[in-house]
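Please examine the sequence and the structure shown below.

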Amino acid sequence: MAKLPVIKHPKVLVGVDGVDDAGVYQLTEDLALVQTVDFFTPIVDDPYEFGRIAAANALSDIYAMGAAPITALNIIAFPEEGLPGLDVLAEILRGGQDKCTEAGAPIIGGHSIDDKEPKYGLAVTGVVDPKKMWTKAGARAGDVLILTKPLGTGILSKAIKSGNASPRQIAAVIATAHTLNKYAAEIASKYDVRAATDITGFGLVNHLLDICRASGVGAVVHASALPVLDGVRGFIEQKAVPGGSMRNLEHAGQALVTDLPEVERIVFSDAQTSGGLLLCAPKDRAQEMVKELRDNGALAHAAIGAIVESSCPEVRLI
C-alpha cells in the first residue's frame with residue numbers, strides 16, 4: 001500500500017505519519033481539536049441498532065485519545081431506488097442521532113451518496129487539552145493492561161450473517177458494540193493513563209503491538225484473563241472465522257509469541273467492531289481503576305497483562 005505524503009505542520013500534534021486513533025490539531029496552549037472518521041456496512045439486521053453501533057464506533061476514536069466529542073457529521077451511502085427503502089434509512093439515522101445525543105455531540109450536517117450497498121458512519125470532532133491527551137506512545141514497563149469491553153464481536157458478526165447466531169448472541173453483540181467508551185474513558189482519565197487505544201478491525205493483538213512499537217516496549221497477555229463473549233470459542237472450533245481475523249493473526253507474524261492453541265490466538269486477533277479501550281495504567285493505580293470500572297458497570301473490567309521491557313516490540317500470549 002502506498003504511503004500518504006507527510007507534510008509537517010507546527011499545529012498538527014498527531015497526523016497521518018502516526019498510528020494513533022485520530023488526528024490532533026492544536027488551537028491554543030490548552031486546547032486542541034481531535035478529528036476522526038469511520039463508517040462501514042451493517043453487521044446486524046436491525047437498522048436502528050446498526051445506526052447506534054456505527055455511531056458508537058466512530059465516536060470511540062475520540063475517547064481513545066482522552067478527548068470529548070463535540071460535533072458529528074453523518075456519512076451515508078444508500079440506494080436511491082428499490083429496497084431497503086427510506087424508512088430503513090430513517091431508522092439508521094435515528095440510531096446514530098440517539099447515540100450522538102448520549103455522547104453530547106450534536107450531528108450538525110453530513111453527506112450522502114447513492115450506493116447499492118448501505119454504509120453509515122460519522123466524522124467526529126472532539127476537544128482535548130494537549131497536555132492530557134492519550135496516544136499509543138508512552139507505555140512503560142510495569143504498566144498494567146486494562147480492557148474495557150469483551151472480545152468476539154467479529155466472530156459473532158460472521159455467525160449473525162450466516163444465520164448461526166442465537167438470539168442471545170445477537171443481543172450480546174448489539175449491547176457490546178453500541179455501548180459508548182465515554183464512561184470508561186471518564187473513569188480512566190482520573191488514573192494517569194500512559195498510553196491508550198480502542199480495539200477495532202486490527203484486533204487486540206495488532207492494536208497492542210502498535211502501542212509496543214510506539215513506546216519501545218513489549219507486552220505479556222494472559223489468555224485466561226481475556227473477557228470473551230459466550231459462544232465465540234465454539235465458532236472458532238467450527239472454523240467459522242471471518243477473513244479479517246485470520247489476516248490480523250497473519251499480520252502480527254513473529255511479533256506474537258505464543259505456544260497456545262489456535263483458538264486462543266484467533267480470539268486475540270479477532271477483528272472487533274466498536275471494541276473497548278485498551279489502557280496502560282500505572283501498576284500502583286491499576287487495581288483501583290479496575291474496581292471503579294466494575295462498580296460503574298463497565299462491560300469488561302479486566303487486567304489482562306502488563307507492559308514489559310523488551311529489545312523488540314513483541315507480545316507474548318501465555
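**Structural briefing**

A search of the whole structure finds 18 salt bridges, a salt bridge being a side-chain nitrogen of Lys or Arg within 4 Å of a carboxyl oxygen of Asp or Glu. This is a predicted model, in which local features need pLDDT of at least 70 and side-chain atom pairs count only at pLDDT 80 or more, while totals for chains, interfaces and linings use all residues. Residues are numbered from 1 along each chain as its sequence is written, and side-chain values use heavy atoms, with hydrogens and water left out.

**Salt bridges**

- Glu-49 and Arg-52 meet through their side chains in a salt bridge (3.0 Å, N to O).
- These two residues, Glu-49 and Arg-52, are three residues apart in helix α1, which means that about one helical turn separates them; helices (H or I, at least four residues) and strands (E, at least two) are DSSP runs, numbered from the N terminus.
- Glu-49 is buried, with a relative accessible area of 13%; buried means under 20% relative accessible area, exposed over 50%, and partly exposed in between (1.4 Å probe, protein chains only).
- Arg-52 also counts as buried, at 16% relative accessibility.
- A salt bridge of 3.1 Å (N to O) joins the side chains of Glu-186 and Lys-182.
- In that pair, Glu-186 is partly exposed at 42% relative accessibility, whereas Lys-182 is buried at 18%.
- Glu-91, Arg-94 and Asp-98 are linked in a network of salt bridges.

**The buried residue Asp-198**

- Asp-198 lies in strand β8 (residues 195-198).
- Although buried, Asp-198 has no salt bridge, and the nearest side chain of opposite charge, Lys-136, is 6.6 Å away (Lys and Arg count as positive and Asp and Glu as negative; His and the chain ends are not counted).
- The side chains of Asp-198 and Ser-60 are joined by a polar contact of 2.8 Å, that is, a pair of N or O atoms within 3.5 Å; within protein, one must be able to donate a hydrogen and the other to accept it, and residues adjacent in sequence count only if both atoms are side-chain atoms.

**Helix α8**

- In helix α8 (residues 243-252), the buried residues are Ser-245, Asn-248, Leu-249 and Ala-252.
- They lie on the same side of α8 because they cover an arc of only 95 degrees around the axis, taken from the directions from the helix axis to the C-beta atoms.
- The face turned away from the buried side of α8 carries the exposed residues Arg-247, Glu-250 and His-251.

**Nonpolar core**

- Among the 98 residues of the largest nonpolar core, Leu-122 and Phe-268 touch the most other members; such a core is a set of buried Ala, Val, Leu, Ile, Met, Phe, Trp, Tyr and Cys residues joined through side-chain atoms within 4.5 Å.
- Helix α1 (residues 47-64) gives the largest share of this core, 10 residues.
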